[in-house]
Amino acid sequence: MSRRALCASAAAALLLCQGVPALAATPKDTLVIAFAFDDIITLDPAEVFELSGGEIMGNSYDRLVRLDISDPSKLVGDVAKSWTVSPDGKTYSFELKPGLKFASGNPLTADEVAWSLQRAVSLDKSPAFILTQFGFSKDNVKNKIKATGPLTLTLETDKAFAPTFVLNCLTANVGAIVDKKLLLTKEQNGDWGYGWLKTNYAGSGPLKLREWRANEIVALERNDNHYAGKAPLARVIYRHVKEAATQRLLLEKGDIDMARNLSPQDIAAVSTHKDIKLASAPKGTVYYISLNQKNPNLAKPEVREAMKWLVDYSAIGDTLIKNIGVVHQNFLPIGLLGASREAPYKLDVAKAKALLAKAGLPNGFKVTIDTRTTQPVQGIVEAFQQTAKRAGIEVEIIPGDGKQTLTKYRARTHDMYIGQWGSDYWDPHSNADTFTRNPDNSDDAKAKPLAWRNAWAIPELTKKSDAAVLERDSAKRKAMYEELQAEFRKTSPFIMLYQQTEVAAYRSNVEGLKLGPTFDTNYMFRVAKR
């Protein structure tokens, strides 16, 4: 078929005809989204641990329970019809909805749910800790998570955790249900179908994956087998568009339906456009600059504190993150139990210089910072470079894409890094577990939270974090997280910058868009067009 013939199809025009002028309007049955998703490295829910990939999982895979996005403190059943917790707080029993099917047509029963959770634990990829923290391991998971009938299964935890904590964890992508029958046909050398699923699909969600081309496109289409009925649109297409200005131009022309990474200036500009609307939601995502404690200068307590006085928070809040975030100096985002609003730091070069002198570095030092080449992080790093220079600290910026910077960060080979953390499940432990827990700081540690990535050894804070997650009294638990945040603000190697407000700009013929508190609750399968 010729290139011209391919262009006759609207979907093909969107996917393939990048070299010719785009259509004036997108197809009526298709939602076209411009989104910077260069952080996607896998599409296996047992491995996905990036924000963009998380959104794809939330739309294409079911799980036992989901957050109620109108009230994220509540849960709703997804494939689960009901659930109970035993009096001792350790056994969770689920009953599934009847007649469930995967997109392939294969039946979805309790056996597939148990197998999916066993698979995630056994593969032991980055997000596996969300499940293994309940005492599940490769050796015991088949006994601890098991189907007790075609539509019933039980999970046995090793401790009596707060029930909401356990259930919230099951809303995470690592709790997604995969098609056992399909994956067993793709299995190689006992890999649970992992090699195949990295770039393929085996789910039952409202949308199914048709295609992923890295840094180019993610194409989802309606799953007609979904238990909740058909999604309003036939397909959702994500186009990787890195530049905010390009996203805005495409939106204004009508070549896309939605722009997801607009700059504050672009948001202000499109807000007056008669055919464009805005949707926004506070996210469980916080942005930070971290200091690797393997660097001897950055490991000095006075240097850690000095860095916090070298950020012009108010200027960042008024310009770089206007409309897309609020300055926030704590690791718990507002909206989670116990989140603090304390904000003790502001730009104070004199205070920073005094601390550097106390650290034996009166003339400052040289250091590097890794950053993604996207806004607003690049702008924040450039602003920080200027303010740090006033205290004698020379910051060299090392730019890269999401994959390059993350790979280096996860290997602990950075000096400084600017990044974001999106809560893995809607519970304060999701953030405490990464910012204030580091059970093993050795290079070959099994758990590699953000504290580990920055080589911050914290046995006492780890103990306090462990105690907080077992506290079933909500008021006491809240106070414990407030105390953790106070200690973290003072001593941690993290400069907390802001909490994200996600804004999506969309054409006025798009209906039903509601952004969730997490990226995996941005439900595009509920969106319609008129």
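Leaving aside its neighbours within four places in sequence, which residues is Ser-508 in contact with? The close-up views below come from a predicted model, and the first one gives the answer.

**View A. Ser-508 and its contacts.** Ser-508 sits in the loop between strand E17 and strand E18 (510-511). Asp-275, Lys-277 and Arg-530 are in contact with Ser-508, once neighbours within four places in sequence are set aside. Is Ser-508 buried or exposed? Its relative accessibility is 19%. Buried means under 20%, so Ser-508 counts as buried.

View B. Arg-235, Ile-237 and Arg-239 point one way from E10. Val-236, Tyr-238 and His-240 point the other way. Strand E1 (residues 30-35) runs parallel to E10, and 6 bridges join the two. Strand E9 (residues 217-222) runs antiparallel to E10, with 5 bridges. Arg-239 of E10 has Ala-34 opposite. Ile-217 also stands opposite Arg-239.

**View C. The buried side of helix H10.** Helix H10 spans residues 244-253, and its residues Ala-244, Gln-247, Leu-250 and Leu-251 are buried. They are on the same side of H10 because they cover an arc of only 125° around the axis. What covers them includes E1 and E10, along with strand E11 (258-259) and helix H11 (264-270). Strand E12 (276-291) and strand E17 (494-507) are also part of that cover. Just after H10 comes Gly-254, with a positive phi of about 85°.

**View D. Helix H14, buried and exposed residues.** In helix H14 (residues 349-358), the buried residues are Val-349, Ala-352, Leu-355 and Leu-356. Down the axis of H14 these residues fall within an arc of 125°, so they line one face of the helix. Ala-350 and Lys-358 are exposed on the other side of H14. Helix H12 (301-308) is included in what covers the buried residues of H14. Just after H14, Gly-360 has a positive phi of about 85°.

**View E. The second largest pocket.** This pocket has a volume of about 880 Å³. Its lining has 31 residues, and the closest to the pocket centre are Phe-129, Thr-132, Lys-446, Ala-447 and Lys-448. Helices H5 (129-132), H17 (428-435), H18 (450-453) and H19 (459-470) each supply at least two lining residues. By class, the lining holds 14 nonpolar, 6 polar and 11 charged residues.

**View F. The largest cavity.** The model has 3 cavities of 30 Å³ or more. The largest cavity holds about 90 Å³ of space. Among its 13 lining residues, Arg-63, Thr-171, Thr-518, Asp-520 and Thr-521 are the closest to the centre. The lining comprises 5 nonpolar, 4 polar and 4 charged residues.

**View G. The second largest cavity.** The volume here is about 60 Å³. Lys-308, Tyr-313, Gln-329, Tyr-345, Phe-488, Arg-489, Ser-492, Phe-494, Ile-495 and Met-496 line this cavity. Helix H20 (474-491) and E17 each supply at least two of the lining residues. The largest share, 3 residues, comes from E17. The lining divides into 6 nonpolar, 2 polar and 2 charged residues.

Note on methods:
Residues are numbered from 1 along each chain as its sequence is written. This is a predicted model: local features need pLDDT of at least 70, side-chain atom pairs count only at pLDDT 80 or more; totals for chains, interfaces and linings use all residues. Side-chain values use heavy atoms; hydrogens and water are left out. On a 1 Å grid over the protein atoms alone, a cavity is a set of points where a 1.4 Å probe fits but cannot get out, and a pocket is an open set with protein on both sides within 12 Å along at least five of seven lines; lining residues have an atom within 4 Å of a point. Grid points are joined across faces, edges and corners, and a volume is the space filled by probe spheres set on the points. Helices (H or I, at least four residues) and strands (E, at least two) are DSSP runs, numbered from the N terminus. Ala, Val, Leu, Ile, Met, Phe, Trp, Tyr, Cys and Pro count as nonpolar, Asp, Glu, Lys and Arg as charged, and the others, Gly among them, as polar. Buried means under 20% relative accessible area, exposed over 50%, partly exposed in between (1.4 Å probe, protein chains only). Two strands pair if DSSP finds at least two bridges between them. The arc is that of the directions from the helix axis to the C-beta atoms. Contact means heavy atoms within 4.5 Å.
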